[in-house]
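Hi,

Here is the structure I promised to pass on. Have a look at it first, and then read what I found in it.

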Amino acid sequence: MFDTLPVRWVARLRDGGYFNQFFMAGMITIPALSFGMLMGWQSPMTPILQSPDGPAPEPITDEIISWMAAITFLPPVFCGFMVGNLVDRWGRKFAMMLTALMLLISWSITLFSLRPWALITSRAVSGLACAGCYVVIPLYLKEIASDNIRGALGSLFILSQNLGYLVVYVAGDLMSFGAVLWICTAVPAIFMLGFIFMPETPVFLIKQGKTLEARAALAWLRNTTIDNKDLEETIQQLEREEEEVKSMEQASWKSIIKNKTTFKALRIATNVMLSQETCGYLVVLMYAGSIFEQASESISLKLSPNKQTIVVGVIQMLGSIVASCIVEKTGRKWLLAGTSLATGLSMLTLGLWFYITSMNIWLPGWLPVLAMCLCIFADAAGYQPVPYIITSELFTFQHRGMVTSMTSSICALSDFLQTKAYDPLLKLLGIHWVFMMFSAVCFLGTFYTIMWVPETKNKTVQEIYALLEDNRKKEKRKKNVERGEEMSQL
């Protein structure tokens, strides 16, 4: 019986077209894998770059390393909006190829020069790829997915990025500096060759009036024939939505703000993305080495810096795998609320541990390690991927690219400020207050999610907007009742 289970599972995947969709999603997220490798590369390679005997013509200073970490997030602040326009004008596939090209150029610069100007320039170019990854990939995944696996495919974005971290951590520990660079450069190059044969999203093809191509792409994604009845209904639905879009006012920020429902959706998307980006996750990753070091003073935990980063990478990967497996069962709302609460509790525990031990009071060294691991796991299992899924599901094709590019720019600005302000904030407040401050952000995010974020699982945009309008009417009725009570008291 057990021999037949994998066969049945694969057959079910193929019958529903899920196999082709997961394959396509795996291809789409390779740039995220490459970007994760790029972000993770700095951790194991910094000691080598700063060594007098290293491959760099001169040892790289801490200031250059700091700018390398921060500059990646600066270009997306300004070009995120342009990427959104590019995606809507030239298509998802073209934007994906351009993103991979930016990654290839970034790695190539580092491959041929390790001087400070080249390292910073390489990171600046990678910032353009960052904008592409965070705008295009969530859109692509949303528009190729069947409704009942939309969340699972959407979570592959962060899973692939975390896999990139882990791959480069392990490679940095086992391979030479040059070998790691060549591998990292090869990933976007191979992707560009393979992605030429992948289809554009059916939604964009319908927008371009290419109905036959959209039908063929959708038939392949669903693993069915072109004349399939369900496929025909889906194509007709896409065509109706496109006609509605054409009859509506041209997409603009004014049209989003004027409509109370879309404006509410915009507020929700912005708030969940900001909560995710300002939760202090970057600070935990930066301080992981110090947490391991202090823990080793009271417990027998002796790990080299590279081994520490590998442990962090494994925890991230496990969290991402869990997210992909459970997001369709738990739904978006409660997975986001649960993981933001767990992240907040972990941050609070870290803050209290550092505060209490600073007063020379003994606490077990395993406590901060456990809290850090829980924080990293919870963040990867929901707090990171779910906001991208929710944002992609809250808007129609007309507004999706605009909103995703805006939130991408805001998040990039947040990451840049956090990376550059980390050391000054640490010296001003102390690490314990920094962690407590971030825990408050997580708790606020949990409260906001429970109170105002709708469940978007298996719902169309129209159904989600009906839910938002219903909530808005309830709030209005509540205010009217309260106002009536006040008048009666007068």
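Before the first helix, a definition: helices (H or I, at least four residues) and strands (E, at least two) are DSSP runs, numbered from the N terminus. The expected span of a helix is 1.5 Å times one less than its number of residues.

Also, this is a predicted model, where local features need pLDDT of at least 70, side-chain atom pairs count only at pLDDT 80 or more, and totals for chains, interfaces and linings use all residues. Residues are numbered from 1 along each chain as its sequence is written, and side-chain values use heavy atoms, with hydrogens and water left out.

Now to α16, which covers residues 305-330. This helix has 26 residues and reaches 36 Å from first C-alpha to last, close to the 38 Å expected. At Ser 324, α16 bends by about 35° (the angle between axes fitted to the seven residues ending there and the seven starting there). Just after α16 comes Gly 331, with a positive phi of about 85°.

Next, the empty space. Rolling a probe the size of a water molecule over the atoms shows where it is left. A cavity here is a set of points, on a 1 Å grid over the protein atoms alone, where a 1.4 Å probe fits but cannot get out; lining residues have an atom within 4 Å of a point. Points are joined across faces, edges and corners, and a volume is the space filled by probe spheres set on them.

How many cavities of 30 Å³ or more does the structure hold? There are 4. The largest has about 340 Å³ of space and a lining of 23 residues, with Tyr 134, Gln 161, Glu 277, Gln 384 and Asp 415 nearest its centre. Among the elements giving two or more residues to that lining are α7 (116-144), α8 (150-174) and α20 (397-429). By class, the lining has 14 nonpolar, 7 polar and 2 charged residues (Ala, Val, Leu, Ile, Met, Phe, Trp, Tyr, Cys and Pro count as nonpolar, Asp, Glu, Lys and Arg as charged, the others, Gly among them, as polar).

The second largest cavity has about 60 Å³. Its lining residues include Pro 138, Phe 157 and Tyr 388, and α19 gives the largest share, 4 residues.

Cheers

Definitions and conventions:
1 Å grid on protein atoms, 1.4 Å probe; cavity = no way out; pocket = protein on both sides within 12 Å on 5 of 7 lines; lining within 4 Å.
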